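Hello,

Please find the structure below. My notes on it follow.

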Amino acid sequence: HAAMGHDTAHGSDGAMPTAADNSLKLPSGERLPALQPLVNESSDAGRFVGSLRAAPVPVPLWGDGAKTTFWAYNDSVPGPLIELWEGDEVDIGFENALTQPSTIHWHGMPVPPAEDGNPQDPVAPGQRRRYRYTLPAGCAGTYWYHPHPHGHTAEQAYRGLAGPIIIRSKQDPLRHLPERHLLLSDLKLDAQRQIPANDMADLHDGREGQFVLINGAWQPVITLAEGERQRWRIWNATSSRIIKLALPAHEVQLVGTDGGLIGVPQPVDSVLLSPGERCELVVTGRFKPGQPAGLLSQPYERGKRMHAEQEKDEALAGIVAYGMRPTLALPASLRPIEPLGAPGFRRKIVLSENMADPKAPFLINGQSYDMNRIDGTGQVGRIEEWEVIADAHMDHPFHLHGTQFQVLARTVDGIWEDEPFLAWRDTVNVPAGGMVRLRFVQTLPGLRMFHCHILEHEDQGMMAQIDFLPG
Ligand code: C2O
Ligand code: CU
Ligand code: CU
């Protein structure tokens, strides 16, 4: 049957590269590779000028020199790290050297819709354009960029087109801490060690390959000293993995979410990071004898699926101790977050599955995405409250373009629970059968998409759009 089609088409399972295969170029034992920065071509402070080119690139991932073809920005997998400052004027040229249309979407950033890489604004193969926008005050945080062309988003992202963005603020209470950047992506390989197209199970569940990579490397090693405090920014840039991250040996505080710092550090045992989400952690090295010191992905049940669920802890990265370091202070409060007030408008957003219709298997409010249909209107500056409901067998990570929202409450086993602290997010997992209540304001007029960030679901219709009119 088609669900099995891919593996059988290319020979036995024995020939498939697996996570037990130790011939990847960056096997356990190597240091975490740094993300390549995108060069700022401007000499003016407050201005960032750069360029990104999307093109196929063969990467020698294997000890024997065999190459795997990725699609990459500037030949880099993941794409180069873009570091910006609040207030910056940004001007990034894009060249599409793929054979299909593409765009660059600035995930989570307050960018005008015309500059946000919407599916309505494709860049044709061989064409170029510039993306220009100015970053408002208060938007410091951890963002990313990826393609958003109609129907090709998943494929372009899983072939390698995704990269990290950091927006910095001059008032950063954590600037004294050394920083690490960990971008998680998913790699699926066939028996020829190439990146295969999605099969039936991928289209249904979302794609999961054999490897979770960090900064393009498989199971890299992170160095941390006993007592040392590091600030980690983590991106979930996988197509569909909802990853429960844990560092059981160490002391971990959550200090930031998608849209930047939270009010006060929150001690955590684990963080559930769904596709598209980011977090900032402060990790303090505590090497306790007999405890696994690494960065783990813990089992998390995300509903009824065709893919096998992860059954035990899996190591995403090793962590090795290098002596002792003084423990730098962690401020008791990071920045104030004001709760959004009473809503001027409410909506119910229902995410559902309809597997009986292969043309429209994933729906929002009963409809499959249509680029030419506007699903509602809103008003700039007006607070909206949304109840997002997964009337579904699977979890669906919900994402809204153009702004950050505050989650007020979510259901746990059918009971509403208030959110324990305020945070700015643009993506939140809605568990199978669960509900999430959130508030936001759009500050810029125009068309804004919202969708499931399992990119296979988004491409197959689990997306809708609202036109926000000037207030
Ligand atoms: Cu990260 Cu509309 O997407
Ligand atoms: Cu987005
Ligand atoms: Cu989904």
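In this predicted model, 25 residues of domain 2 are in contact with 21 residues of domain 3, where contact requires that the C-beta atoms of two residues, placed from the backbone, lie within 7 Å. On the side of domain 2 that touches domain 3, the elements giving two or more residues are helix 3 (200–205) and strand 16 (260–267). Strand 16 gives the most, with four residues. Helices (H or I, at least four residues) and strands (E, at least two) are DSSP runs, numbered from the N terminus. By class, this side of domain 2 has twelve polar, eight charged and five nonpolar residues. Here Ala, Val, Leu, Ile, Met, Phe, Trp, Tyr, Cys and Pro count as nonpolar, Asp, Glu, Lys and Arg as charged, and the others, Gly among them, as polar.

Strand 20 (residues 314–324) runs parallel to strand 12 (residues 221–226), and five bridges join them; strands pair if DSSP finds at least two bridges between them. Thr223 stands opposite Val320 of strand 20. Strand 19 (residues 295–298) is antiparallel to strand 20, with three bridges, and Leu295 has Ala317 in strand 20 as its bridge partner.

Residues are numbered from 1 along each chain as its sequence is written, while chains are lettered from A and ligands numbered from 1 in the order in which they are written. As the model is predicted, local features need pLDDT of at least 70 and side-chain atom pairs count only at pLDDT 80 or more, whereas totals for chains, interfaces and linings use all residues.

Regards
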